[in-house]
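This report examines one protein chain, beginning with a single residue and widening to the whole chain. Please keep the sequence and the structure in view while reading.

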Amino acid sequence: MGLTRIPIPIRIRATVLDLAVLAGHLLLYPTGLLQERPPAAPPPGAAARLPTDGRAHRPVLLLHGFIDNRSVFVLLRRSLRRHGRQHVEALNYSPLTCDLRTAAALLDRHVREICERTGHSRVDVVGHSLGGLIARYYVQRLGGDARVHTLVTLGTPHSGTRTAPLLSAHPLVRQMRPDSDVIEELRRPAPGCRTRFIAFWSEADQLMIPAETARIDHPDLLAHSVRVNGIGHLTLPVHHVVAADICEALDAAEGAPTDASGAASVA
């Protein structure tokens with residue numbers, strides 16, 4: 001569904017909500033400028049806290065979008081912890097990063113460090129917008145499927161977006177366009193990819209053009225696209241309904257394979 005087909009009241013409501021979220025996020029933005037410090041290591045001689053399959057949730061790593069930082073996930077982090085995800089971290093990548101592949105390599109190092117520190121062999125990742133594309137590149141092109149069990153994306157341009165041509169001077173924005181070499185790499189075959197993908201998308205997301213670009217459509221990926229109604233791009237990582245469905249989706253992915261057959265409406 002393209003932007004022009006969205007009913008005007010829904011478009012207006014989503015835009016107003018996005019602007020309200022933006023105003024609140026600007027207040028929180030300074031709190032997320034510094035990289036998050038990992039939890040302190042246990043004292044020497046203390047028993048390592050190694051998880052037991054079926055009794056401990058995997059760590060969750062949060063990855064923000066373009067020109068953003070970890071502060072965008074304040075509410076989602078709180079929701080994840082309320083639902084039993086005790087080990088939740090967020091990764092900042094620099095806005096000066098000029099190549100998505102560089103950010104994906106940073107993600108690789110961070111995921112490996114989390115696995116070593118926690119004793120888990122795999123993690124779950126939630127990425128908003130560009131963050132989801134970085135995580136998908138890591139999983140699909142850098143072997144990250146060995147360490148990422150489930151990747152949840154929120155408003156991520158999986159097929160590229162035609163929005164904001166004036167911002168295309170920035171290399172990362174150019175890599176999010178449909179004709180970019182990064183998007184072309186992600187279209188290539190990915191046989192045997194072990195990661196499960198859950199892509200949240202909204203017909204009211206005005207930065208995804210067309211809106212369906214935030215779905216995942218790849219024959220080799222275990223991917224499930226979840227449609228969210230009436231929620232704009234900036235609201236996706238902070239909306240309580242989306243947060244609840246992320247928690248539910250991660251729980252479901254632990255016990256059963258992701259159904260790649262179609263999309264469901266959650267709001």
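This is a predicted model: local features need pLDDT of at least 70, side-chain atom pairs count only at pLDDT 80 or more; totals for chains, interfaces and linings use all residues.

Ile-134 belongs to helix H4. Which residues does Ile-134 contact, leaving aside its neighbours within four places in sequence? They are Leu-63, Tyr-93, Leu-100, Ala-103, Ala-104 and Leu-107.

Ile-134 and Arg-101 are 33 residues apart in sequence, while their C-alpha atoms are 7.3 Å apart in space.

## The nonpolar cores

Ile-134 is listed with Leu-100, Leu-107, Leu-130 and Phe-197 as the residues with the most contacts inside the largest nonpolar core, which has 35 residues. Two or more residues of this core come from each of the strands S1 (60-63), S3 (123-128), S4 (148-154) and S5 (196-202), and likewise from each of the helices H3 (100-118), H4 (130-141), H5 (171-175) and H6 (181-187). In soluble globular proteins, nonpolar side chains tend to be buried together.

Leu-130 touches His-64, Gly-65, Phe-66, Tyr-93, Leu-100, Leu-172 and Met-176, when residues up to four places away in sequence are not counted.

## One face of helix H2

Helix H2 spans residues 74-82, and its buried residues are Leu-76, Arg-77, Ser-79 and Leu-80. Seen down the axis of H2, these buried residues fall within an arc of 160°, so they line one face of the helix. Just after H2, Gly-84 has a positive phi of about 95°.

Is Leu-19 buried or exposed? Its relative accessibility is 52%, and because exposed means over 50%, Leu-19 counts as exposed. Leu-19 is located in helix H1, residues 8-28. Together with Leu-22, Leu-26 and Leu-234, Leu-19 makes a nonpolar surface patch of about 350 Å².

## The chain as a whole

The protein chain contains seven helices and seven strands. From the N terminus on, these elements follow the order α-β-α-β-α-β-α-β-α-α-β-β-α-β. Among contacts between residues at least 6 apart in sequence, 82% join residues at least 24 apart.

Of the 267 residues in the chain, 49% are buried. The chain exposes about 12700 Å², of which carbon and sulfur atoms supply 59%.

Technical notes: Residues are numbered from 1 along each chain as its sequence is written. Side-chain values use heavy atoms; hydrogens and water are left out. Patches are made of residues with over 30% relative accessible area and no salt bridge: like charges are joined within 9 Å, nonpolar side chains (Val, Leu, Ile, Met, Phe, Trp, Tyr) within 5 Å. Accessible areas come from the Shrake-Rupley method with a 1.4 Å probe; for residues, only the protein chains shown count as cover. A salt bridge is a side-chain nitrogen of Lys or Arg within 4 Å of a carboxyl oxygen of Asp or Glu. Helices (H or I, at least four residues) and strands (E, at least two) are DSSP runs, numbered from the N terminus. Buried means under 20% relative accessible area, exposed over 50%, partly exposed in between (1.4 Å probe, protein chains only). A nonpolar core is a set of buried Ala, Val, Leu, Ile, Met, Phe, Trp, Tyr and Cys residues joined through side-chain atoms within 4.5 Å. Contact means heavy atoms within 4.5 Å. The arc is that of the directions from the helix axis to the C-beta atoms.
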